[in-house]
Amino acid sequence: MGIKYKIIQFNINEFGVNIDAVKKELSFESLGWDKNDIKLSQLRFLITKYINDKKTILQEAQCFLDGNLVPNSIQELISSLSIEDQRKFHAYKPFRKRGISRFMVEYVNKKWEVNHIILPELTEFSQHEDHPLDLRKLIRRFPPMDRTLSHSILLKILIKKCVEMLCECEPQVKLKKVEVTCHQISLLIDSSTLSACNSPEGLHQDGSNYIVSALVIDKYNIEGGTSELYCIEKKRIIKSHTLECGEGLFHIDKNSTIWHKVTPIKLKKTSLGIGYRNILGFDFNYIS
Ligand SMILES: [Fe+2]
């Protein structure tokens with residue numbers, strides 16, 4: 001573990017946390033599909049097909065994502081697609097399962113205290129856009145992580161250790177209170193899909209002060225999923241690493257020169273039929 005460009009690659013065993021214990025305590029089994037991804041894939045497809053109508057598509061995109069009814073202008077574009085393209089449009093499937101939880105972390109009596117915040121049935125989540133076609137600015141709705149998981153002692157230890165890393169990177173900020181959002185994501189692939197990607201938007205920032213772009217909890221029968229960090233100022237890749245189970249990447253995000261992405265995953269052995277990459281991601285935002 002060491003700080004360079006305010007980037008820390010860590011292994012949770014450095015925190016005294018055993019990956020097998022985390023796997024046991026944080027089950028990914030009951031996560032639900034992120035259905036936002038189907039409509040986002042469909043919107044991206046429509047934009048590539050009707051680049052001249054991108055303004056209309058983007059204007060109606062939130063309504064399309066929110067409702068059961070397809071806005072008229074988007075319906076017209078769908079109806080004008082060729083039969084083959086209509087088939088492709090309706091064939092998009094969800095490719096990741098997801099849950100979200102949120103914590104307020106406060107420095108009280110010279111110790112960091114991690115308190116869980118109860119979230120509604122569906123939490124609205126959006127990120128800042130990095131370019132005009134970036135659909136992450138749309139409000140997506142995510143279900144909360146399983147209640148027992150969001151109260152996990154090990155999860156709270158991981159959050160506390162990450163906040164300590166944050167203080168190490170930013171000693172001048174004198175942090176007292178940090179909001180932490182935890183994303184539990186399972187990226188899945190089977191023989192019907194060539195590849196699946198956890199950053200379909202490409203190189204991006206998440207819009208938080210600091211993030212753990214990924215802490216890998218488990219992976220099975222996959223290759224790829226390499227985390228890549230770029231320094232925009234230096235116009236070059238500054239880190240490329242395929243995280244193994246227990247490894248994570250913590251780094252500065254908003255208003256920095258560091259941008260990130262992750263390469264798609266593919267099945268290692270097609271004969272095994274399925275593969276997955278289970279991760280936790282964290283957003284850290286200064287409150288005071
Ligand atoms: Fe990200």
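Trainee: Between which strands is the loop that holds Asn221?

Mentor: The model is predicted; local features need pLDDT of at least 70, side-chain atom pairs count only at pLDDT 80 or more, and totals for chains, interfaces and linings use all residues. Residues are numbered from 1 along each chain as its sequence is written. Strands are DSSP runs of E, at least two residues, and helices are runs of H or I, at least four, numbered from the N terminus. The loop with Asn221 lies between strand 8 (210-220) and strand 9 (222-224).

Trainee: What is phi of Asn221 near?

Mentor: Asn221 is a residue other than glycine, and its phi is positive. The value is near 50°.

Trainee: How many C-beta neighbours inside 10 Å does Lys110 have?

Mentor: Lys110 sits in the loop between strand 3 (96-108) and strand 4 (111-117), and its phi is positive, near 60°. A residue is buried with 20 or more other C-beta atoms within 10 Å of its own, exposed with 12 or fewer and partly exposed in between, with C-beta atoms placed from the backbone. Lys110 counts as exposed because its number of neighbours is 5.

Trainee: Is Asn221 partly exposed or buried?

Mentor: Asn221 has 18 other C-beta atoms within 10 Å. Therefore Asn221 is partly exposed.

Trainee: What percentage of the 288 residues is buried?

Mentor: The share is taken over the protein, whose elements are seven helices and 15 strands. Buried residues make up 32%.
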